Amino acid sequence: MKAAYTTEKNPEKAAAAIFEQLSETAPRMVLFFASSEYDPEALSREMQGAFTDCPTVGCTTAGEIVSGRMLKGAVTAMGFSASTLVDARVQLVRDLSGPGGVEAAFKNFAAHFGTPMAQLDPMTHIGIILIDGLSGAEERIMEHIGDMTNIQFIGGSAGDDLKLKASHVFADGAAHSGAAVLALLKPGVAFDTIKTQSFQETGRELTATEVDEGRREVIRFNGRPASQVYAEAVGAAPDAASERFMHNPVGLMAGGEPYVRSPQQIIGDRIKFYCNVKEGMTLSLLESTDIVADTRKAIVDKKAEMGDLRGIVNFHCILRTLELEDKGLTDAYGKLFSHIPTVGFSTYGEQYIGHINQTSTMLVFGK
Amino acid sequence: MSGKIKSMIDAIIAQRSKGNPTVAKAVETKLILKGIDPGDFTAASPDDPAVMEKLQAMAEQFGVSL
(Lines give C-alpha, C1' and ligand atoms only; values in the text may rest on other atoms or scores of the structure.)
Protein backbone atom coordinates (compact mmCIF):
# COMPACT_ATOMS: atom_id res chain seq x y z
CA MET A 1 0.00 0.00 0.00
CA LYS A 2 1.17 3.49 -0.78
CA ALA A 3 0.22 7.00 0.32
CA ALA A 4 0.11 10.01 -1.97
CA TYR A 5 -0.85 13.66 -1.87
CA THR A 6 -1.17 16.71 -4.03
CA THR A 7 -1.86 20.39 -3.53
CA GLU A 8 -2.73 20.85 -7.22
CA LYS A 9 -6.02 22.80 -7.21
CA ASN A 10 -7.44 21.71 -10.56
CA PRO A 11 -9.46 18.49 -9.99
CA GLU A 12 -8.30 16.87 -13.24
CA LYS A 13 -4.66 17.66 -12.55
CA ALA A 14 -5.03 16.63 -8.89
CA ALA A 15 -6.43 13.24 -9.89
CA ALA A 16 -3.65 12.83 -12.45
CA ALA A 17 -1.04 13.65 -9.79
CA ILE A 18 -2.48 11.06 -7.41
CA PHE A 19 -2.66 8.48 -10.22
CA GLU A 20 0.97 9.09 -11.13
CA GLN A 21 2.04 8.39 -7.54
CA LEU A 22 -0.18 5.32 -6.98
CA SER A 23 -0.43 3.61 -10.37
CA GLU A 24 2.62 1.40 -9.79
CA THR A 25 0.77 -0.30 -6.91
CA ALA A 26 -2.05 -1.35 -9.30
CA PRO A 27 -4.50 -0.52 -6.51
CA ARG A 28 -7.50 -2.68 -5.73
CA MET A 29 -9.10 0.32 -4.01
CA VAL A 30 -8.18 3.98 -3.62
CA LEU A 31 -9.22 5.84 -0.48
CA PHE A 32 -8.94 9.62 -0.75
CA PHE A 33 -9.60 12.65 1.40
CA ALA A 34 -9.94 16.14 -0.05
CA SER A 35 -10.28 19.69 1.15
CA SER A 36 -13.68 21.26 0.58
CA GLU A 37 -11.85 23.83 -1.56
CA TYR A 38 -12.19 21.32 -4.42
CA ASP A 39 -15.39 21.01 -6.43
CA PRO A 40 -16.50 17.68 -4.88
CA GLU A 41 -18.37 16.39 -7.95
CA ALA A 42 -15.52 17.21 -10.30
CA LEU A 43 -12.87 15.72 -8.03
CA SER A 44 -14.75 12.46 -7.46
CA ARG A 45 -15.45 12.13 -11.17
CA GLU A 46 -11.81 12.77 -12.07
CA MET A 47 -10.52 10.36 -9.42
CA GLN A 48 -12.75 7.53 -10.65
CA GLY A 49 -11.85 8.47 -14.22
CA ALA A 50 -8.16 8.16 -13.38
CA PHE A 51 -8.49 4.81 -11.59
CA THR A 52 -10.72 2.94 -14.01
CA ASP A 53 -9.91 -0.54 -12.66
CA CYS A 54 -10.83 -0.10 -8.99
CA PRO A 55 -13.32 1.70 -6.76
CA THR A 56 -12.37 5.15 -5.48
CA VAL A 57 -13.96 6.16 -2.20
CA GLY A 58 -13.48 9.11 0.14
CA CYS A 59 -14.84 12.31 1.58
CA THR A 60 -14.27 16.00 2.13
CA THR A 61 -12.30 17.13 5.18
CA ALA A 62 -11.35 19.80 7.66
CA GLY A 63 -7.67 19.15 6.94
CA GLU A 64 -5.73 16.27 5.48
CA ILE A 65 -3.07 13.91 6.84
CA VAL A 66 -0.38 12.09 4.87
CA SER A 67 2.79 10.31 5.98
CA GLY A 68 4.72 12.85 8.05
CA ARG A 69 2.52 15.87 7.41
CA MET A 70 -0.72 17.60 8.30
CA LEU A 71 -2.03 19.55 5.32
CA LYS A 72 -4.70 22.07 4.34
CA GLY A 73 -6.23 22.50 0.90
CA ALA A 74 -4.89 19.18 -0.37
CA VAL A 75 -5.90 15.74 -1.58
CA THR A 76 -4.40 12.73 0.20
CA ALA A 77 -4.88 9.17 -0.98
CA MET A 78 -4.01 5.57 -0.19
CA GLY A 79 -3.71 2.89 -2.84
CA PHE A 80 -4.33 -0.63 -1.54
CA SER A 81 -2.41 -3.21 -3.56
CA ALA A 82 -3.84 -6.63 -4.33
CA SER A 83 -1.55 -8.27 -1.77
CA THR A 84 -2.80 -5.92 0.95
CA LEU A 85 -6.44 -6.13 0.00
CA VAL A 86 -7.80 -9.47 -1.17
CA ASP A 87 -11.27 -8.09 -1.78
CA ALA A 88 -13.29 -4.91 -1.24
CA ARG A 89 -16.84 -3.82 -1.86
CA VAL A 90 -18.16 -0.25 -1.59
CA GLN A 91 -21.78 0.71 -0.97
CA LEU A 92 -23.39 4.13 -0.84
CA VAL A 93 -26.05 4.61 1.86
CA ARG A 94 -28.35 7.43 0.77
CA ASP A 95 -31.01 6.92 3.44
CA LEU A 96 -29.66 7.83 6.88
CA SER A 97 -33.12 8.09 8.50
CA GLY A 98 -33.45 4.46 9.59
CA PRO A 99 -32.01 0.97 9.24
CA GLY A 100 -33.15 0.50 5.63
CA GLY A 101 -30.10 2.03 3.99
CA VAL A 102 -27.69 -0.09 6.03
CA GLU A 103 -29.79 -3.21 5.44
CA ALA A 104 -29.66 -2.69 1.67
CA ALA A 105 -25.89 -2.17 1.76
CA PHE A 106 -25.45 -5.28 3.89
CA LYS A 107 -27.50 -7.39 1.46
CA ASN A 108 -25.14 -6.30 -1.28
CA PHE A 109 -22.10 -7.17 0.86
CA ALA A 110 -23.60 -10.58 1.66
CA ALA A 111 -24.17 -11.30 -2.02
CA HIS A 112 -20.63 -10.24 -2.91
CA PHE A 113 -18.80 -12.03 -0.09
CA GLY A 114 -21.14 -15.04 -0.05
CA THR A 115 -21.91 -14.80 3.67
CA PRO A 116 -24.57 -12.84 5.57
CA MET A 117 -23.14 -9.90 7.49
CA ALA A 118 -24.44 -11.41 10.74
CA GLN A 119 -22.15 -14.40 10.17
CA LEU A 120 -19.13 -12.80 8.49
CA ASP A 121 -15.90 -13.29 10.45
CA PRO A 122 -14.67 -10.09 12.15
CA MET A 123 -11.19 -11.60 12.33
CA THR A 124 -10.90 -11.61 8.51
CA HIS A 125 -12.97 -8.59 7.48
CA ILE A 126 -13.19 -4.95 8.52
CA GLY A 127 -15.33 -2.02 7.43
CA ILE A 128 -14.70 1.65 6.79
CA ILE A 129 -17.48 4.21 7.21
CA LEU A 130 -17.36 7.76 5.89
CA ILE A 131 -20.47 9.81 6.63
CA ASP A 132 -21.72 13.34 6.05
CA GLY A 133 -20.43 15.19 9.11
CA LEU A 134 -23.35 17.62 9.12
CA SER A 135 -26.03 14.91 8.92
CA GLY A 136 -26.38 14.39 12.68
CA ALA A 137 -27.07 10.75 11.83
CA GLU A 138 -23.84 9.11 12.95
CA GLU A 139 -25.13 7.56 16.20
CA ARG A 140 -28.17 6.10 14.48
CA ILE A 141 -26.21 4.59 11.59
CA MET A 142 -23.49 3.18 13.83
CA GLU A 143 -26.12 1.61 16.09
CA HIS A 144 -27.83 -0.03 13.09
CA ILE A 145 -24.48 -1.35 11.88
CA GLY A 146 -23.60 -2.66 15.34
CA ASP A 147 -26.97 -4.37 15.67
CA MET A 148 -26.64 -6.19 12.35
CA THR A 149 -23.05 -7.40 12.38
CA ASN A 150 -19.98 -8.16 14.49
CA ILE A 151 -17.76 -6.72 11.76
CA GLN A 152 -16.12 -3.57 13.08
CA PHE A 153 -16.71 -0.42 11.06
CA ILE A 154 -14.23 2.36 11.75
CA GLY A 155 -14.19 5.80 10.18
CA GLY A 156 -14.88 9.46 10.32
CA SER A 157 -17.44 12.17 9.64
CA ALA A 158 -16.72 14.24 6.54
CA GLY A 159 -15.82 17.88 7.07
CA ASP A 160 -15.86 21.14 5.14
CA ASP A 161 -12.92 23.11 6.56
CA LEU A 162 -15.09 24.45 9.41
CA LYS A 163 -17.47 26.31 7.09
CA LEU A 164 -20.31 24.08 8.41
CA LYS A 165 -22.20 24.42 5.11
CA ALA A 166 -21.93 21.07 3.31
CA SER A 167 -19.76 17.98 3.57
CA HIS A 168 -19.59 15.20 0.99
CA VAL A 169 -18.72 11.53 0.67
CA PHE A 170 -17.28 10.17 -2.57
CA ALA A 171 -18.29 6.94 -4.29
CA ASP A 172 -18.83 5.71 -7.84
CA GLY A 173 -17.28 8.86 -9.27
CA ALA A 174 -19.84 11.17 -7.65
CA ALA A 175 -20.13 13.29 -4.49
CA HIS A 176 -23.03 12.93 -2.07
CA SER A 177 -24.38 14.97 0.84
CA GLY A 178 -26.70 13.47 3.46
CA ALA A 179 -25.18 10.07 2.78
CA ALA A 180 -22.61 7.57 4.00
CA VAL A 181 -20.18 5.29 2.23
CA LEU A 182 -19.46 1.84 3.61
CA ALA A 183 -16.43 -0.11 2.38
CA LEU A 184 -16.13 -3.73 3.44
CA LEU A 185 -12.57 -4.98 3.21
CA LYS A 186 -10.99 -8.42 3.26
CA PRO A 187 -7.32 -7.60 3.88
CA GLY A 188 -4.58 -9.96 2.79
CA VAL A 189 -2.37 -8.89 5.68
CA ALA A 190 -2.76 -8.53 9.44
CA PHE A 191 -4.97 -5.64 10.47
CA ASP A 192 -6.14 -4.00 13.68
CA THR A 193 -7.51 -0.74 15.00
CA ILE A 194 -6.33 2.00 17.33
CA LYS A 195 -8.59 4.26 19.36
CA THR A 196 -6.65 6.96 21.12
CA GLN A 197 -7.82 10.03 23.00
CA SER A 198 -5.73 12.26 25.18
CA PHE A 199 -7.70 12.56 28.38
CA GLN A 200 -7.63 11.33 31.93
CA GLU A 201 -10.49 11.06 34.40
CA THR A 202 -10.85 13.79 37.03
CA GLY A 203 -12.88 11.61 39.38
CA ARG A 204 -15.94 13.83 38.97
CA GLU A 205 -19.10 12.37 37.43
CA LEU A 206 -22.12 13.96 35.78
CA THR A 207 -25.32 11.96 35.26
CA ALA A 208 -27.58 13.13 32.45
CA THR A 209 -31.00 13.20 34.09
CA GLU A 210 -32.85 15.00 31.27
CA VAL A 211 -31.81 15.13 27.62
CA ASP A 212 -33.05 16.02 24.16
CA GLU A 213 -31.33 13.19 22.35
CA GLY A 214 -32.36 14.31 18.87
CA ARG A 215 -30.75 17.72 19.38
CA ARG A 216 -27.72 16.21 21.15
CA GLU A 217 -28.54 18.43 24.16
CA VAL A 218 -28.30 17.70 27.87
CA ILE A 219 -30.91 19.69 29.77
CA ARG A 220 -30.07 18.54 33.30
CA PHE A 221 -27.05 16.93 34.94
CA ASN A 222 -27.60 15.45 38.40
CA GLY A 223 -31.15 16.88 38.41
CA ARG A 224 -30.03 20.50 37.96
CA PRO A 225 -29.46 22.77 34.94
CA ALA A 226 -26.68 21.20 32.88
CA SER A 227 -24.60 24.33 32.33
CA GLN A 228 -24.54 25.17 36.06
CA VAL A 229 -23.47 21.65 37.05
CA TYR A 230 -20.76 21.55 34.39
CA ALA A 231 -19.44 24.99 35.43
CA GLU A 232 -19.25 23.90 39.07
CA ALA A 233 -17.50 20.66 38.10
CA VAL A 234 -14.74 22.45 36.17
CA GLY A 235 -14.51 25.26 38.73
CA ALA A 236 -15.45 28.00 36.28
CA ALA A 237 -17.92 30.86 36.41
CA PRO A 238 -21.09 30.00 34.46
CA ASP A 239 -20.36 32.52 31.73
CA ALA A 240 -16.82 31.14 31.31
CA ALA A 241 -17.69 27.45 31.34
CA SER A 242 -17.63 27.08 27.56
CA GLU A 243 -13.96 28.12 27.56
CA ARG A 244 -13.24 24.80 29.27
CA PHE A 245 -14.99 22.60 26.69
CA MET A 246 -11.85 21.69 24.72
CA HIS A 247 -9.82 20.89 27.85
CA ASN A 248 -12.66 19.27 29.83
CA PRO A 249 -15.07 17.19 27.74
CA VAL A 250 -16.92 14.26 29.29
CA GLY A 251 -16.57 10.56 28.59
CA LEU A 252 -18.82 7.55 28.70
CA MET A 253 -16.55 4.97 30.29
CA ALA A 254 -16.42 1.50 28.75
CA GLY A 255 -13.73 -1.04 29.55
CA GLY A 256 -11.80 1.61 31.47
CA GLU A 257 -11.52 4.04 28.56
CA PRO A 258 -13.62 7.05 27.62
CA TYR A 259 -15.92 7.30 24.62
CA VAL A 260 -15.63 11.07 24.49
CA ARG A 261 -18.63 13.40 24.22
CA SER A 262 -17.48 16.94 23.47
CA PRO A 263 -19.60 19.92 24.51
CA GLN A 264 -20.22 22.32 21.63
CA GLN A 265 -22.07 25.29 23.12
CA ILE A 266 -24.28 26.44 25.99
CA ILE A 267 -27.85 27.22 24.96
CA GLY A 268 -29.65 28.80 27.91
CA ASP A 269 -29.09 26.30 30.71
CA ARG A 270 -28.56 23.41 28.29
CA ILE A 271 -25.34 22.04 26.86
CA LYS A 272 -25.28 20.97 23.23
CA PHE A 273 -22.79 18.21 22.41
CA TYR A 274 -21.10 17.01 19.20
CA CYS A 275 -22.64 13.58 19.79
CA ASN A 276 -25.63 12.43 21.72
CA VAL A 277 -25.95 11.57 25.39
CA LYS A 278 -28.74 9.24 26.49
CA GLU A 279 -30.85 9.93 29.55
CA GLY A 280 -29.46 8.15 32.61
CA MET A 281 -25.89 7.97 31.31
CA THR A 282 -23.21 8.72 33.88
CA LEU A 283 -20.31 10.58 32.30
CA SER A 284 -16.84 11.08 33.66
CA LEU A 285 -15.44 14.62 33.56
CA LEU A 286 -12.14 14.45 31.69
CA GLU A 287 -9.08 16.64 31.46
CA SER A 288 -6.72 16.77 28.52
CA THR A 289 -3.27 15.24 28.37
CA ASP A 290 -0.57 15.27 25.65
CA ILE A 291 -1.86 14.35 22.18
CA VAL A 292 1.58 13.86 20.63
CA ALA A 293 2.92 11.71 23.48
CA ASP A 294 -0.25 9.65 23.75
CA THR A 295 -0.41 9.04 19.99
CA ARG A 296 3.25 8.08 19.88
CA LYS A 297 2.63 5.53 22.64
CA ALA A 298 -0.42 4.15 20.84
CA ILE A 299 1.62 3.57 17.67
CA VAL A 300 4.59 2.10 19.55
CA ASP A 301 2.27 -0.26 21.45
CA LYS A 302 0.61 -1.39 18.21
CA LYS A 303 3.99 -1.99 16.59
CA ALA A 304 4.94 -4.13 19.58
CA GLU A 305 1.79 -6.20 19.01
CA MET A 306 1.89 -6.44 15.23
CA GLY A 307 5.51 -5.89 14.20
CA ASP A 308 6.28 -3.34 11.52
CA LEU A 309 3.23 -1.50 10.23
CA ARG A 310 2.46 -1.48 6.53
CA GLY A 311 0.03 1.44 6.65
CA ILE A 312 -2.37 3.54 8.70
CA VAL A 313 -5.66 5.27 7.91
CA ASN A 314 -6.15 7.96 10.56
CA PHE A 315 -9.54 9.48 11.34
CA HIS A 316 -8.49 12.43 13.47
CA CYS A 317 -10.92 14.77 15.20
CA ILE A 318 -10.84 18.39 14.07
CA LEU A 319 -10.88 19.43 17.74
CA ARG A 320 -7.57 17.60 18.19
CA THR A 321 -6.23 19.35 15.09
CA LEU A 322 -7.30 22.74 16.51
CA GLU A 323 -5.58 21.95 19.80
CA LEU A 324 -2.41 20.90 17.97
CA GLU A 325 -2.53 24.11 15.92
CA ASP A 326 -3.07 26.18 19.05
CA LYS A 327 -0.02 24.60 20.68
CA GLY A 328 2.15 24.69 17.54
CA LEU A 329 2.34 20.90 17.46
CA THR A 330 1.02 19.96 13.99
CA ASP A 331 4.52 19.24 12.67
CA ALA A 332 5.31 17.07 15.70
CA TYR A 333 2.05 15.16 15.24
CA GLY A 334 2.58 14.68 11.51
CA LYS A 335 6.10 13.36 12.08
CA LEU A 336 4.73 10.52 14.22
CA PHE A 337 3.65 8.99 10.91
CA SER A 338 6.81 9.79 8.90
CA HIS A 339 7.95 6.21 8.53
CA ILE A 340 4.57 4.59 7.95
CA PRO A 341 2.46 5.04 4.79
CA THR A 342 -0.42 7.04 6.25
CA VAL A 343 -3.47 8.90 5.05
CA GLY A 344 -6.19 10.51 7.09
CA PHE A 345 -8.18 13.61 7.66
CA SER A 346 -9.48 15.99 10.30
CA THR A 347 -13.02 14.81 10.95
CA TYR A 348 -16.26 16.19 12.32
CA GLY A 349 -16.57 13.04 14.47
CA GLU A 350 -15.10 9.58 14.68
CA GLN A 351 -16.69 6.16 14.42
CA TYR A 352 -15.52 3.26 16.58
CA ILE A 353 -18.33 0.93 17.69
CA GLY A 354 -20.32 4.15 18.15
CA HIS A 355 -19.97 7.83 17.31
CA ILE A 356 -17.37 9.67 19.40
CA ASN A 357 -15.47 12.97 19.60
CA GLN A 358 -11.95 14.28 20.28
CA THR A 359 -10.46 10.93 19.35
CA SER A 360 -8.32 9.38 16.64
CA THR A 361 -9.60 6.10 15.30
CA MET A 362 -7.08 4.35 13.09
CA LEU A 363 -7.18 1.35 10.80
CA VAL A 364 -3.77 -0.27 10.94
CA PHE A 365 -2.25 -2.78 8.54
CA GLY A 366 0.68 -5.04 9.45
CA LYS A 367 3.06 -7.16 7.45
CA MET B 1 -36.60 -11.37 42.84
CA SER B 2 -33.09 -10.69 41.58
CA GLY B 3 -30.53 -11.70 38.96
CA LYS B 4 -32.65 -11.64 35.82
CA ILE B 5 -30.97 -8.53 34.42
CA LYS B 6 -27.49 -10.02 34.68
CA SER B 7 -28.79 -13.24 33.08
CA MET B 8 -30.27 -11.27 30.18
CA ILE B 9 -27.03 -9.32 29.67
CA ASP B 10 -24.93 -12.48 29.81
CA ALA B 11 -27.23 -14.18 27.28
CA ILE B 12 -26.99 -11.28 24.81
CA ILE B 13 -23.20 -11.19 25.04
CA ALA B 14 -22.85 -14.96 24.81
CA GLN B 15 -25.17 -15.35 21.84
CA ARG B 16 -23.63 -12.52 19.86
CA SER B 17 -19.99 -13.28 20.64
CA LYS B 18 -20.13 -17.09 20.43
CA GLY B 19 -17.13 -17.22 22.74
CA ASN B 20 -14.99 -14.69 20.86
CA PRO B 21 -13.58 -12.39 23.62
CA THR B 22 -12.94 -9.48 21.24
CA VAL B 23 -16.52 -9.56 20.01
CA ALA B 24 -17.78 -9.97 23.59
CA LYS B 25 -15.96 -6.78 24.60
CA ALA B 26 -17.45 -4.95 21.61
CA VAL B 27 -20.97 -6.15 22.49
CA GLU B 28 -20.47 -4.89 26.05
CA THR B 29 -19.49 -1.49 24.66
CA LYS B 30 -22.52 -1.49 22.34
CA LEU B 31 -24.74 -2.11 25.37
CA ILE B 32 -23.09 0.79 27.24
CA LEU B 33 -23.63 3.08 24.25
CA LYS B 34 -27.28 2.00 24.15
CA GLY B 35 -27.59 2.98 27.81
CA ILE B 36 -27.10 -0.24 29.82
CA ASP B 37 -23.73 -0.77 31.53
CA PRO B 38 -23.23 -4.50 32.21
CA GLY B 39 -20.87 -3.60 35.05
CA ASP B 40 -23.74 -2.03 36.97
CA PHE B 41 -25.51 -5.36 37.45
CA THR B 42 -24.76 -8.50 39.47
CA ALA B 43 -26.66 -11.65 40.34
CA ALA B 44 -27.98 -9.74 43.36
CA SER B 45 -29.40 -6.82 41.34
CA PRO B 46 -33.17 -6.51 41.71
CA ASP B 47 -35.34 -7.36 38.70
CA ASP B 48 -36.20 -3.82 37.62
CA PRO B 49 -38.98 -4.15 35.00
CA ALA B 50 -37.95 -0.96 33.20
CA VAL B 51 -34.37 -2.17 32.71
CA MET B 52 -35.58 -5.63 31.66
CA GLU B 53 -37.87 -4.04 29.08
CA LYS B 54 -34.95 -2.04 27.66
CA LEU B 55 -32.80 -5.17 27.50
CA GLN B 56 -35.55 -7.12 25.75
CA ALA B 57 -35.71 -4.39 23.09
CA MET B 58 -31.92 -4.42 22.75
CA ALA B 59 -31.93 -8.21 22.37
CA GLU B 60 -34.40 -7.88 19.52
CA GLN B 61 -32.22 -5.24 17.86
CA PHE B 62 -29.25 -7.62 18.17
CA GLY B 63 -31.28 -10.49 16.72
CA VAL B 64 -30.91 -12.45 19.94
CA SER B 65 -33.63 -14.61 21.55
CA LEU B 66 -33.91 -14.43 25.33
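What share of the contacts in chain A with a separation of 6 or more is accounted for by residues 24 or more positions apart? Such residues account for 80% of these contacts, where contact means heavy atoms within 4.5 Å. The model is predicted: local features need pLDDT of at least 70 and side-chain atom pairs count only at pLDDT 80 or more, whereas totals for chains, interfaces and linings use all residues. Residues are numbered from 1 along each chain as its sequence is written, chains are lettered from A and ligands numbered from 1 in the order in which they are written, and side-chain values use heavy atoms, with hydrogens and water left out.

**Chain A**

- Chain A contains eight helices and 26 strands (DSSP runs numbered from the N terminus: H or I of at least four residues for helices, E of at least two for strands).
- Its radius of gyration is 20 Å, close to the 21 Å from the globule rule for 367 residues, so chain A is as compact as a globular protein of that length (computed over C-alpha atoms; the rule is 2.2 Å times the number of residues to the power 0.38).
- The C-alpha trace of chain A spans about 60 × 45 × 40 Å along its principal axes.
- Of the 367 residues in chain A, 60% are buried (under 20% relative accessible area, with a 1.4 Å probe and protein chains only).

**Helix α1 against helix α3 in chain B**

- Helix α1 (residues 4-17) of chain B packs with α3(B) at an angle of about 10°, their axes being 10 Å apart (axes are lines fitted to C-alpha atoms, for helices over the stretch in contact; angles run from 0 to 180 degrees between N-to-C directions).
- The two helices are therefore roughly parallel (angles under 35 degrees).
- Residues of α1(B) in this contact include Ile5(B), Met8(B) and Ile12(B), and those of α3(B) include Leu55(B), Ala59(B) and Phe62(B).

**Helix α2 against helix α3 in chain B**

- The axes of α2 (residues 21-34) of chain B and α3 (residues 49-62) of chain B come within 12 Å and cross at roughly 130°.
- Lys30(B), Leu31(B) and Lys34(B) of α2(B) contact Leu55(B), Met58(B), Gln61(B) and Phe62(B) of α3(B).

**Phe62(B)**

- Phe62(B) lies in helix α3 of chain B and is buried, with a relative accessible area of 4%.
- Beyond four places in sequence, Phe62(B) touches residues including Gly146(A), Asp147(A), Arg16(B) and Leu31(B).
- The C-alpha atoms of Phe62(B) and Leu31(B) are separated by 10 Å, the residues being 31 apart along the chain.

How values were computed
Buried means under 20% relative accessible area, exposed over 50%, partly exposed in between (1.4 Å probe, protein chains only). Angles under 35 degrees count as roughly parallel, over 145 as roughly antiparallel, 65 to 115 as roughly perpendicular and the rest as oblique.
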